[in-house]
Amino acid sequence: MAQPEKALEALLEEDRLFYPPQDFALQANVRDQGIYQGAQKDPEAFWAAQAESLDWYKRWDQVLEWKPPFAKWFVNGRLNVAHNCIDRHLKTARKNKAAIIWEGEPGDSRILTYQQLYYEVTRFANVLKGLGVKRGDRVTLYLPMVPELPIAMLACARIGAPHSVVFGGFAAEALRDRINDAQAKVVITADGGYRRGQVVPLKKNVDMALEGTPSVEKVVVVRRIGGPFETPMRQGRDLWWHDLIGAAPLHCPPEEMDAEDMLYILYTSGTTGKPKGVVHTTGGYLTGVSTTHRMIFDLKEDDIYWCTADIGWVTGHSYIVYGPLANGATSVMYEGAPDFPARDRFWAIIEKYGVTLLYTAPTAIRTFMKWGPQWPERRDLSSLRLLGTVGEPINPEAWIWYHRHIGGGRCPIVDTWWQTETGMILISPLPGITSLKPGSATVPFPGVDAQVVDENGRPVPKGSGGYLVLKSPWPAMLRTIYGDPQRYVNQYWSRWEGMYFTGDGAKWDEDGYFWVLGRVDDVINVAGHRIGTMEVESALVDHPTVAEAAVIGRAHEVKGQALAAFVILKEGVRAVPELISELKEHVARKIGSLARPEDIIFTAELPKTRSGKIMRRLLRDVAEGRSLGDTTTLADPTVVATLSAKEAKAWSGEGG
């Protein structure tokens, strides 16, 4: 990194303020601080007013029914998400407006207007019906970032079939687990997708996954690669998307859904090995994502908005598909990587389409910093008027670089905190009225009751740190864990009575600004992807050479955190360097490349308490070269000293 940037970081004060630019503030969607007081005084009235912007077949009888920890929003209200994201715009000038601007990795592109999107969605909704999919049936989507992914999501929403999108980076076994948990009736995939010029064999992964999925009846395959790429199709089960949609009727009336009907299931890593199927419903979710998208991104009718996330994660669900389309926005969608074919790919896309609003991850920003400002300087980024960050806390140095080199010093940055479980952004600036501090997500969104508490659940004084909790329900909140309501209670609501525990630590400064510090449980945030340590440990122990494994997150300059695994091999197995690569690949095959450990250290023993619990805190200290602190509770204190002595050698892959 350039020396001036380091010097700048050293000069930064946590209370340094960046005020909203005057011309931006004058035109902003939210210009009055009174919105916070009004929402705090009567949050139900605030959310009801936001819900009024949607189309309802039947208005709700009650805004909120709260029986902790179970909530119902807009009770007995009826609406359809696909109608709100498409049909209602056709009665306006948005009919011929671009809904999705798609850029493929090889450079192919496609633009769908709201009218064209309507035809694609209604035809595929009829395809699903023709395959026997009924209201309430689950459909798994395992697709690259192609237009067929949001089309399929909206088609599911149109007929009332909850979808479960599985990120294309997951391996066959992880896909199988998610299909079986959801008991999906149909799987929608593609022959493959592109990633840095290579083909990701999605259909091949599906075929492997379906070796143990009794609920699946049909597989629909999008032809993305085509040509000489071989795609085996099983007679009677596998069907081509283009064959089906070409014969499908053009119109499909939307189902009238209850506000509390399930819209989708999205799996997220937990503190146990089994991923959690987070359930999001219809009315509250759409109210939450459309409101936050409109206010936080200061959305205007002529904006070109680009969220760079993958739709396989919640950010893509809420802020590529449902929020932007409900608001009638034009949304850019990109299939590939930020460095293919060159390191200016993001900036070339912004220049090509005149992107005005950019929403990306701190991991990406730190990578861009590493590559240097010469890449964005090659392109015209003057169309940008607002920047956003998502997925993990952003360090002040990256914030300043983003502000200066991408935003030209003129664009407010909305640093957003939220989770798969929250469904919508909960802590963020409102760019026309909030002064910004680099590294802080600033303050809770209007109508959101977030607090920082101590071990006993008591609010900490300003200037202190603790645990980030939510004290009141919010519209887009998860309703349960699919098929396991008790796990929902235990996971989120059992630590302190009446409080949702986010699993994140946070600091609350003297101005009431929130600084999110990251996970405090056994979930690691690697480049914005949540990975459960237990899941990775289970994958390692599945290998025939491994007796025991402990996985921790260590600090990483670009990714924020990286996975480090301490592995005990079975008796008689030699700790050779080749085995490190083999174990990394084994984890990637079992879970996906996103879970591949950065480091593997072979050890004869792990530091354990006398009761047998692995002391992961000490492993983190070893991994990051910190002082070990108190080791008196260990059954054998010499274990950590041995680990520390060989740590440097093991890190380089030489350890035995």
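T442 counts as buried, at 0% relative accessibility (buried means under 20% relative accessible area, exposed over 50% and partly exposed in between, with a 1.4 Å probe and protein chains only). T442 sits in the loop between strand 20 and strand 21; helices (H or I, at least four residues) and strands (E, at least two) are DSSP runs, numbered from the N terminus. Its phi is positive, about 70°, although T442 is not a glycine. As a rule, most residues other than glycine have a negative phi, and most peptide bonds are trans.

A word on the source: this is a predicted model, in which local features need pLDDT of at least 70 and side-chain atom pairs count only at pLDDT 80 or more, while totals for chains, interfaces and linings use all residues. Residues are numbered from 1 along each chain as its sequence is written, and side-chain values use heavy atoms, with hydrogens and water left out.

R196 also has a positive phi, near 50°, and is a residue other than glycine. R196 is in the loop between strand 9 (193-195) and strand 10 (198-200), and is partly exposed with a relative accessible area of 39%. Then there are the cis peptide bonds. One runs from P68 to P69, with omega near 0°, and P69 belongs to the loop between strand 1 (62-67) and strand 2 (70-75). Another runs from F340 to P341, with omega near 5°; here P341 is in the loop between strand 17 (330-334) and helix 13 (345-353).

Back in the loop between strand 20 and strand 21 (450-453), there is also Q419. Q419 is buried, with a relative accessible area of 5%. Its side chain joins that of Y500 through a polar contact of 2.9 Å, and reaches the backbone oxygen of T502 at 2.7 Å. A polar contact is a pair of N or O atoms within 3.5 Å; within protein, one must be able to donate a hydrogen and the other to accept it, and residues adjacent in sequence count only if both atoms are side-chain atoms. Neighbours within four places in sequence aside, Q419 is in contact (heavy atoms within 4.5 Å) with V314, Y500, T502, D504, R519 and R530.

Strand 22 (residues 464-470) is mostly covered, with five of its seven residues buried.

Next comes an open sheet of seven strands, in the order 5-4-17-16-18-19-20 and with mixed pairing. Strand 5 (109-113) and strand 20 (413-415) stand at its edges, each with a single partner strand, so one side of each has no neighbour in the sheet. Neighbouring strands of this sheet are turned by 15° against each other on average, direction ignored. Within the sheet, strand 16 (residues 304-307) and strand 18 (residues 357-360) pair in the parallel sense over three bridges, and C307 stands opposite Y359 in strand 18. Helix 6 (residues 114-130) lies across strand 4 (98-103) and strand 5, running at about 95° to strand 5. Axes are lines fitted to C-alpha atoms, for helices over the stretch in contact, and angles run from 0 to 180 degrees between N-to-C directions.

As for other helices, L202, K203, N205, V206 and A209 are buried in helix 9 (residues 202-209). They cover an arc of only 155° around the axis, which puts them on the same side of helix 9; the arc is that of the directions from the helix axis to the C-beta atoms. In helix 20 (residues 616-624), the buried residues include R616, L618, L619, D621, V622 and A623. G625 follows helix 20, with a positive phi near 70°.

Finally, the cysteines: the structure holds zero disulfides, a disulfide being a pair of cysteine sulfur atoms within 2.5 Å. For C252, the closest cysteine sulfur is in C156 at 11 Å, too far for a bond; C252 is buried at 2% relative accessibility. For C411, the closest cysteine sulfur is that of C307 at 17 Å, again too far for a bond, and C411 is buried at 1% relative accessibility.

Notes
Pairing = 2+ DSSP bridges.
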